[in-house]
Amino acid sequence: VVAFDPAVTSDSDSDETGIIVAAKGSDGNYYILADYSGIYSPAAWAQKVAWAYEFHKADRVIAEKNNGGDLVKATLRAAGGKNL
């Protein structure tokens with residue numbers, strides 16, 4: 001799974017957009033496979049999430065929803081995340 005918490009600004013004082021990739025191991029425990037967090041514009045975080053989804057062969061994306069649920073979906077799809 002790719003999980004992220006999008007920031008709404010991307011200047012030097014902005015919070016990071018949190019982007020992680022996690023998976024359940026064969027032992028039943030969950031593991032963080034990658035952390036792509038950083039300060040990104042909306043287009044850049046959407047591209048990073050779409051790339052991580054494809055690269056890690058994820059089966060879902062989870063976004064923190066109080067930052068614009070439908071807007072997050074539209075931004076991801078505009079960045080090439082058609083399968084998300």
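I began with Trp 51, which counts as partly exposed at 39% relative accessibility. My cut-offs for relative accessible area were under 20% for buried, over 50% for exposed and partly exposed in between, with a 1.4 Å probe and protein chains only.

I noted that this is a predicted model, where local features need pLDDT of at least 70, side-chain atom pairs count only at pLDDT 80 or more, and totals for chains, interfaces and linings use all residues. Residues are numbered from 1 along each chain as its sequence is written, and side-chain values use heavy atoms, with hydrogens and water left out.

Next I looked up ring pairs. I paired rings of Phe, Tyr and Trp (its six-membered ring) if their centres lie within 6.5 Å; planes under 30 degrees apart are stacked, over 60 edge-to-face, the rest tilted. That gave me three aromatic pairs. Tyr 36 and Trp 51 are edge-to-face, because their ring centres are 5.3 Å apart and their planes stand at 85°. This pair links distant parts of the chain, 15 residues apart: Tyr 36 is in the loop between β3 (30–35) and α1 (42–55), Trp 51 in helix α1. For helices I took DSSP runs of H or I, at least four residues, and for strands runs of E, at least two, numbered from the N terminus.

I found Tyr 36 buried, at 17% relative accessible area.

Then I checked Trp 51 against Phe 55: centres 4.8 Å apart, planes at 15°, so the pair is stacked. Both lie in helix α1, four residues apart, about one turn of the helix.
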